[in-house]
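I opened my notebook to look up a few things in this structure. Here is what I am working from.

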Amino acid sequence: MRVGLLRKVGVATAVYGVAVVVWPGVLGRASGLADDESTRVSLRPVGWRDAAGGAAMALAPEGPALRVAAGLRIAADFGDAALLGMTLPDRGRRRAAVAVSVGWGALSVAGLLWPEGHDGVSRRRRRAGSSR
């Protein structure tokens, strides 16, 4: 598990969530939704969910608690991809929403599954002192 990556995703998600709570148009405009009071009221809970889930990822103790927080974040991101991909009114915005949601979910999946210390450089090369 890449704790540092999960923490960074958590902080970014929490900051974005707070921004959506304060300025729901951040998400509304990107999604192509009407900028009216009912849309703003509907988007604020999504921002709150992201703020809370991101804070959990940023602050949960390493181990099972962090895995659960990351799992919830992944479920939220992939759920957003599915729901927004089926329901946003504009085809281009649907595709963009799916790409962004899947991208953030994939970062969390990578953080959970990518072993700590695995940086793509083989141990043999590290031992040999190669910088390539």
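Which ring does the charged end of Arg-2 sit over? I looked, and the ring belongs to Trp-114. The charged end of Arg-2 is 4.2 Å from the centre of that ring. I am working with a predicted model, so I keep that in mind.

Next, aromatic pairs. I searched the whole structure and found zero of them.

**Entry: the largest pocket**

I asked how much space lies in the largest pocket. The answer is about 580 Å³. I then listed the residues that line this pocket, and there are 25. The closest to its centre are Tyr-16, Leu-27, Asp-80, Leu-84 and Ser-101.

Which helices supply the lining? I noted α1 (3–22), α2 (25–31), α3 (37–59), α4 (64–87) and α5 (91–113), with at least two residues from each. The largest share comes from α4, which gives seven residues. I also sorted the lining by class. I got 14 nonpolar, five polar and six charged residues.

**Entry: the largest cavity**

How many cavities of 30 Å³ or more does a search of the whole structure find? I found one. About 40 Å³ of space lies in the largest cavity.

I wrote down its lining. Pro-24, Gly-25, Gly-28 and Arg-29 are among the lining residues. Leu-33, Ala-34, Asp-35, Thr-39, Arg-40 and Leu-43 line the cavity too. Helices α2 and α3 each supply at least two residues of this lining. By class, I noted four nonpolar, three polar and three charged residues.

**Entry: Asp-50**

I found Asp-50 in helix α3. Is Asp-50 buried or exposed? Its relative accessibility is 7%, so Asp-50 counts as buried; the cut-off for buried is under 20%. I then checked its contacts, leaving out residues up to four places away in sequence. Asp-50 touches Thr-13, Ala-14, Tyr-16, Gly-17 and Arg-73.

**Entry: Asp-77**

I looked up Asp-77 and found this residue in helix α4. Why does Asp-77 count as buried? Asp-77 counts as buried because its relative accessibility is 6%, and the limit is again under 20%. Which residues does Asp-77 touch, not counting those up to four places away in sequence? I listed Ser-101, Trp-104 and Gly-105.

Definitions and conventions: Residues numbered from 1 in each chain as written. Predicted model: local features only at pLDDT ≥ 70, side-chain atom pairs only at ≥ 80, totals over all residues. Heavy atoms only, no water. Phe/Tyr/Trp six-rings, centres within 6.5 Å; stacked < 30°, edge-to-face > 60°. Lys NZ or Arg CZ within 6 Å of the ring centre and 35° of its normal. 1 Å grid on protein atoms, 1.4 Å probe; cavity = no way out; pocket = protein on both sides within 12 Å on 5 of 7 lines; lining within 4 Å. Points joined across faces, edges and corners; volume = space filled by probe spheres on them. Helix = DSSP H or I, 4+ residues; strand = E, 2+ residues; numbered from the N terminus. Nonpolar A, V, L, I, M, F, W, Y, C, P; charged D, E, K, R; others polar. Buried < 20%, exposed > 50% of the residue type's maximum accessible area, 1.4 Å probe, protein only. Contact = heavy atoms within 4.5 Å.
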